[in-house]
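Hi,

Here is the structure I promised to pass on.

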Amino acid sequence: MFACSSVKVNPFDYYNHVETQFISIKNLNSFQNYTIISSNDLIIMSNIITECEENLGNLSAFYISKINNSKLSVHTVDQLQKMLQLHDDLIDNINKFSSISLDITNNIKEIHKNSFTQEIVNYIYWDIISRHKLIIIKVLEIIKKLLVYVDLVKNEIN
């Protein structure tokens with residue numbers, strides 16, 4: 001997926017795509033207005049999460065191969081190891097974000113079981129969205145750090 005026989009593709013370009021995807025989630029109407037997250041939005045988020053996890057997993061293998069490349073300098077390998085740690089943190093935060101559907105499901109059950117007022121329902125959704133917005137911000141922060149490292153190592157690993 002990351003390399004083609006006639007064209008050399010930088011595997012780190014995928015981080016820009018993940019950033020764009022999570023910005024699109026952050027810009028969903030429900031995230032902007034702290035309203036009920038629609039099933040369509042949940043499907044969009046699920047598809048993004050699945051695609052990101054799959055492709056970031058492929059990038060993990062790329063890191064392992066580069067870290068074990070004896071032709072690279074110790075400094076470059078050290079930077080790649082730091083990048084791999086950030087990369088793993090990125091995957092962990094995307095996994096944390098994926099719990100949004102479970103949070104919504106559990107709260108819908110509680111709302112119906114307890115017949116909460118609209119004010120409480122609004123607060124419940126505000127809480128879910130606020131917590132998950134923080135995870136999105138963390139994902140975007142990690143990507144920014146990774147992109148700095150990408151600039152530092154890209155010429156060394158080609």
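Let me start with the rings: searching the whole structure turns up eight aromatic pairs. One of them joins Phe62 and Tyr63, whose ring centres are 6.4 Å apart with the planes at 70°, so this pair is edge-to-face. A pair needs centres within 6.5 Å, and an angle over 60 degrees is what counts as edge-to-face. Phe62 is buried, and Tyr63 is buried too. These two residues also belong to one aromatic cluster, together with Phe12 and Tyr15.

Before you read too much into any of this, keep in mind that the model is predicted.

Now for the overall picture. The chain has six helices and zero strands, so its radius of gyration is worth a look: at 19 Å, that value is well over the 15 Å that the globule rule gives for 158 residues, which means the chain is more spread out than a compact globule. If you draw a box along the principal axes, the C-alpha atoms fill roughly 65 × 30 × 20 Å.

How much of the chain counts as buried? The figure is 41% of the 158 residues. As for the surface, the chain exposes about 9,100 Å², and 54% of that comes from carbon and sulfur atoms. Contacts reach across the sequence as well: taking those between residues at least 6 apart, 80% join residues at least 24 apart.

Finally, zoom in on Gln21, which sits in helix α1 (residues 14–26). Is Gln21 buried or exposed? Its relative accessibility is 18%, so Gln21 counts as buried; the cut-off for buried is under 20%. Leaving aside residues up to four places away in sequence, Gln21 touches Ile48 and Glu51.

Cheers

Technical notes:
Residues are numbered from 1 along each chain as its sequence is written. This is a predicted model: local features need pLDDT of at least 70, side-chain atom pairs count only at pLDDT 80 or more; totals for chains, interfaces and linings use all residues. Side-chain values use heavy atoms; hydrogens and water are left out. Helices (H or I, at least four residues) and strands (E, at least two) are DSSP runs, numbered from the N terminus. Buried means under 20% relative accessible area, exposed over 50%, partly exposed in between (1.4 Å probe, protein chains only). Contact means heavy atoms within 4.5 Å. Rings of Phe, Tyr and Trp (its six-membered ring) pair if their centres lie within 6.5 Å; planes under 30 degrees apart count as stacked, over 60 as edge-to-face and the rest as tilted. The radius of gyration is taken over C-alpha atoms; the globule rule is 2.2 Å times the number of residues to the power 0.38. Accessible areas come from the Shrake-Rupley method with a 1.4 Å probe; for residues, only the protein chains shown count as cover.
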